[in-house]
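Reader: Could you walk me through this one slowly? I am still new to reading structures.

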Amino acid sequence: MSQAKSYAALSATTPLVPFSFERRALREDDVNIDILYCGVCHSDIHIAESDWGPSEYPVVPGHEIIGRVMAVGNKVSQYKVGDIVGVGCMVDSCQHCSHCAADLEQYCQDGPVGTYGAHDLIDGTLTYGGYSDHIVVREKFVLTIPSVLNISKAAPLLCAGITTYSPLRHHGVKAGDKVGILGMGGLGHMGVKFAKALGAEVTIFTRSESKVAEAKKQGADHVIVSTDEAQMQAAAFQFDYLLDTIPVQHDLNPYLNCLKVDGTHILVGLIEPMNPPVHSANLVIKRRVLTGSLIGGIAETQEMLDFCAQHDIECDAEMISIQDINQAYQRLKQGNVKYRFIIDMQSLKN
Ligand code: NDP
Ligand code: ZN
């Protein structure tokens, strides 16, 4: 066992505070990682604040982790001390169901083990995430960070990156497709980069007039201000795919109306209960598809990291100290970040 320093939420309504706990002793297939950087995902807030039902506290958030290997178990073959590695949203899965066998661990029939707020499959202890000085993770769930990537900007790829890459790849987005990205936040800005790299014509849907110029800078071909009814009407029947990263309840109907026949609306936010209801006519009358997507499997996450290295894709981020985390949560809720906070974990170790 090793003592870990972290920041944790102790309840849904109190700010994150310094918190110490024990990390497990290294198992034979474990990697012990010194955490260098951790991204701040909107899911961290959802879970810290029990937005998705009561969370188990303390919650040590953080599932966009970049670090350096400090030690390995005696059966670890892929990693050695000193390697720069990543950990995303899952740290284990059953490894024998049909979904795990198909490299879709995120859809494990027993549920994947989340990097935080879940229970270890072997000893049942609560998992604690990346707002901490080190983490112990099974080798199979550790990613290799290509050496050409800037490690101070790579952390968000482990969640924001794979969550947008996976559905675009799964649905076969290709040159010439018209793709709309709903919400220009952490996930949305990565969605633009991936959709462009796949050759699509990309439109950002944003509430904020002020983000129009920024969206173009990000590489978007077009921008639609979603609060402007005339712009939404003019977009009717234009899109093959919409990737919806909006983190709160919203009316899907005006967006569905923007899809062509056979167009697909992909949700990544958990927005229970869906309200207002989706009009069946918006699906039936144009044979449209409403679907969802959860992060990506480990093999696909590695493929995404390699794709970023090949296409020179990186996140736009603002570096913060762990001591600034509560202020960062407030700013993230207001949409006031370009476009991901990354915590420099050195600030926890000083
Ligand atoms: P961010 O807060 O960084 O971005 C969300 C964006 O949505 C905002 O920048 C804003 O864009 C838009 N938005 C925010 N509030 C509203 C609102 N009230 N109405 C309309 N649009 C709004 O969040 P993330 O990108 O980190 O996460 C997005 C969602 O995806 C979260 O719910 C998160 O939990 C979920 N998620 C899902 C995963 C999965 O595997 N399915 C994995 C990771 C995250 P703008 O200002 O341009 O309108
Ligand atoms: Zn996330």
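Reader: How far apart do the C-alpha centres of domain 1 and domain 2 lie?
Author: In this predicted model, the C-alpha centres of domain 1 and domain 2 lie 27 Å apart. Domain 1 covers 2-158 + 296-349 and domain 2 covers 161-292, with bounds that come from an automatic or database domain assignment.

Reader: ok, and how many residues are in contact there?
Author: 20 residues of domain 1 are in contact with 14 residues of domain 2, where contact asks that the C-beta atoms, placed from the backbone, lie within 7 Å. On the side of domain 1 that touches domain 2, helix α9 (residues 298-311) gives the most, namely six residues; helices are DSSP runs (H or I, at least four residues), numbered from the N terminus.

Reader: How do α3 and α9 cross?
Author: Their axes, which are lines fitted to C-alpha atoms over the stretch in contact, with angles from 0 to 180 degrees between N-to-C directions, come within 10 Å and cross at roughly 100 degrees. α3 and α9 are therefore roughly perpendicular to each other, a word used for 65 to 115 degrees. Among the residues making the contact are Tyr165 of α3 and Phe307 of α9.

Reader: New topic: which residues come nearest to ligand 1?
Author: Of the 29 residues around ligand 1 (C-beta atom, placed from the backbone, within 6 Å), His42, Gly183, Gly185, Thr206 and Pro247 come nearest. The shell around ligand 1 draws at least three residues from each of domain 1 and domain 2.

Reader: And the numbering?
Author: Residues are numbered from 1 along each chain as its sequence is written, while chains are lettered from A and ligands numbered from 1 in the order in which they are written. Local features need pLDDT of at least 70, side-chain atom pairs count only at pLDDT 80 or more, and totals for chains, interfaces and linings use all residues.

Note on methods
Contact = placed C-beta atoms within 7 Å. Helix = DSSP H or I, 4+ residues; strand = E, 2+ residues; numbered from the N terminus. Parallel < 35°, antiparallel > 145°, perpendicular 65-115°, else oblique.
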